[in-house]
Amino acid sequence: MKITTKLWIGIALLAVISPLGWILPAYFKAGGAWGEEKRLTLWRAPMSDYSFGAQETKGLFPYSFATIISAISGIIVIVTVIWILGRILAKKGDQGV
Amino acid sequence: MHIPDGYLGPATCGFFYAVMLPIWTVASRIVKKTLKAKQVPMLAIGAAFSFVIMMFNIPIPGGSTGHAVGGVLVAILLGPWAACIALTVALVVQALLFGDGGITSLAANCFNMAFVLPFSGYTIYSVLSCRAPLGSGRRVFAAGVAGYVGINAAALLTGVEFGLQPLLHHTAQGQALYCPYGLKTAVTAMAGMHLLAIGWIEAIVTALVIKYLQKQAPDLLGGIAP
């Protein structure tokens, strides 16, 4: 298996366990990151807080599911953007400097 | 470490956009000259990895949370300028799509996490791993230290940016218009969190991935020059 394939599998695994990223703080009753509580809503992000509007309090599974979907969507968007940037910036074939 | 909208005054926000525009321009030029087409998948992996790892909020004693960034790892593998681009893409997607990090503060967040973090980490890594064989333990150690230093440099700067706001932007009565916490509080909170907890996580993640790659794909560790 190519190394890039292995690394993508690793990233996919991280995406699947991404709900831990809010479950752990909730379990330990930790607040937001210092200074990250919202003060001003200038921009209404389409998938605000990685949750697709699911409520943390309404249940573990919908919120976790939304988090995983957010992770996957974010990854897809990032790969697309990097692919486009790569076409613009990278040298064709193996000719580096 | 993501600064939301409303914490930084307009002058501060504008300042960081002014600073980042040339940095992004230089990064594009250098990456255009040095990045090979076959490295683009690794760039995508780097950006995706950073994005997903920043979703893991780690509870810290004291009641707040923090997250690793992974930017030093990308810098080690692809050079700091490519890391700047990868991290910028991740941060922009986080801000625009998920509201993680503000729009006015996007350049400040990029300065901290897409510039200071990868560059300071990469410098430490280069110095500590100088001439070490690709498979050596010294490289793993250097990667860990680099991760620790990189994220703490970014965190310290973020604390300073927060803490300067009451000084820079306040009403005639002295009430803070944006971030209400002064330098002492902000720097202590950010630096403390990252020196004691988050920095270690970044160090371990960076070192472990480098160790993994040493076995699985050591040629990736050859790296490219700046």
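Guide: Helix 2 of chain B and helix 4 of chain B cross in a right-handed way, where right-handed means that the near helix is turned clockwise from the far one by less than a right angle, and left-handed anticlockwise. This is a predicted model, in which local features need pLDDT of at least 70, side-chain atom pairs count only at pLDDT 80 or more, and totals for chains, interfaces and linings use all residues. Side-chain values use heavy atoms without hydrogens or water, residues are numbered from 1 along each chain as its sequence is written, and chains are lettered from A and ligands numbered from 1 in the order written.

Visitor: Which residues of helix 2 and helix 4 of chain B make the contact?
Guide: From helix 2 come L43(B), A47(B), S50(B) and F51(B), and from helix 4 come A82(B), A86(B), L87(B), A90(B), V93(B), Q94(B) and F98(B). Contact means heavy atoms within 4.5 Å. Helices are DSSP runs of H or I, at least four residues, numbered from the N terminus.

Visitor: And by class, how many are nonpolar, polar and charged?
Guide: This contact of helix 2 with helix 4 of chain B has 9 nonpolar, 2 polar and no charged residues. Ala, Val, Leu, Ile, Met, Phe, Trp, Tyr, Cys and Pro count as nonpolar, Asp, Glu, Lys and Arg as charged, and the others, Gly among them, as polar.

Visitor: Next topic. Which residues touch the most other members of the largest nonpolar core?
Guide: They are I78(A), I82(A), F51(B), V52(B), M54(B), L77(B) and I210(B), out of 94 residues in that core. Helix 4 of chain B, residues 80-98, gives the most to this core, with 14 residues. A nonpolar core is a set of buried Ala, Val, Leu, Ile, Met, Phe, Trp, Tyr and Cys residues joined through side-chain atoms within 4.5 Å.

Visitor: What does I210(B) touch?
Guide: Leaving out residues up to four places away in sequence, I210(B) touches L73(B), I76(B), L77(B), R139(B), V140(B), A143(B) and L221(B).

Visitor: Is N109(B) buried or exposed?
Guide: N109(B) counts as buried because its relative accessibility is 1%. Buried means under 20% relative accessible area, exposed over 50%, and partly exposed in between, with a 1.4 Å probe and protein chains only. N109(B) is in helix 5 of chain B, residues 106-128.

Visitor: How does I72(A) count?
Guide: I72(A) counts as partly exposed, at 39% relative accessibility. I72(A) lies in helix 3 of chain A, residues 60-89.

Key: Helix = DSSP H or I, 4+ residues; strand = E, 2+ residues; numbered from the N terminus.
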